[in-house]
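Morning, everyone. Let me take you through one chain. Please have a look at it first.

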Amino acid sequence: MNVSVKSKKWLPVLALMCSVLWALAYPLIKLGYRELNIAPNDLGSKVLFAGIRFLFAGALVLLITGAVNHTEKKISKSAWGWLLLFAIVNTSLHYLFSYIGLGYMPSARATIIDSMGSFLLIILSCIVFSDDRMGWNKVLGCVLG
């Protein structure tokens, strides 16, 4: 089965699968906290739990990418610094605060608050970037979302 961007018939299925799995993230993290007896104020255990989760997620991405993508693409040396900065700021800090906050609130509320970031990003990108205009399709997407 060729699951690539070239076979567009799989894109809706993959998008739906990603959306469902993404929506299950916080409830499953809360379930993991409960099953591993991680207390709401146990920061070390939360960070360890997040690290293990991301280690396995990264390994899974590398395995799938290696199996599906047979062309080797190199990242330029100048891009590595920006990728590292993005990884530290976006992934590390974002998820550190998410995992800490998730211990203190219900997963449904945390999912709603986290998804608000996407809508704010759409609105801010229209304000910051002059070539990104707010159109009816974006307004409709935000309203439906």
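**Helix, core and loop**

In α4, the buried residues are Y95, S98, Y99 and L102. Buried means under 20% relative accessible area, exposed means over 50%, and partly exposed is in between, with a 1.4 Å probe and protein chains only. Helices here are DSSP runs of H or I, at least four residues, numbered from the N terminus.

A word on the source. This is a predicted model, where local features need pLDDT of at least 70, side-chain atom pairs count only at pLDDT 80 or more, and totals for chains, interfaces and linings use all residues. Residues are numbered from 1 along each chain as its sequence is written, and side-chain values use heavy atoms, leaving out hydrogens and water.

How confident is the predictor? pLDDT is its confidence in each residue, from 0 to 100. The protein chain averages 79, and 90% of the residues score at least 70.

N90 is found in α4. N90 has a relative accessible area of 35%, so it is partly exposed.

Now the core. Which residues make up the largest nonpolar core? Ten do: Y26, I29, Y33, I38, F49, A50, Y95, Y99, L102 and A110. Helices α2 (25-35), α3 (43-68) and α4 (77-102) each supply at least two residues of this core. A nonpolar core is a set of buried Ala, Val, Leu, Ile, Met, Phe, Trp, Tyr and Cys residues joined through side-chain atoms within 4.5 Å.

Take I38 from that set. Leaving aside neighbours within four places in sequence, I38 is in contact with Y33, S45, K46 and F49. Contact means heavy atoms within 4.5 Å.

Next, L43, in helix α3. L43 counts as partly exposed because its relative accessibility is 44%. The C-alpha atoms of L43 and I100 are separated by 6.8 Å, although the two are 57 residues apart along the chain.

Last stop: N37, in the loop between α2 and α3. Is N37 buried or exposed? Exposed, at 68% relative accessibility. Phi of N37 is near 55 degrees, a positive value in a residue other than glycine.

Definitions and conventions
pLDDT is the predictor's confidence in each residue, from 0 to 100.
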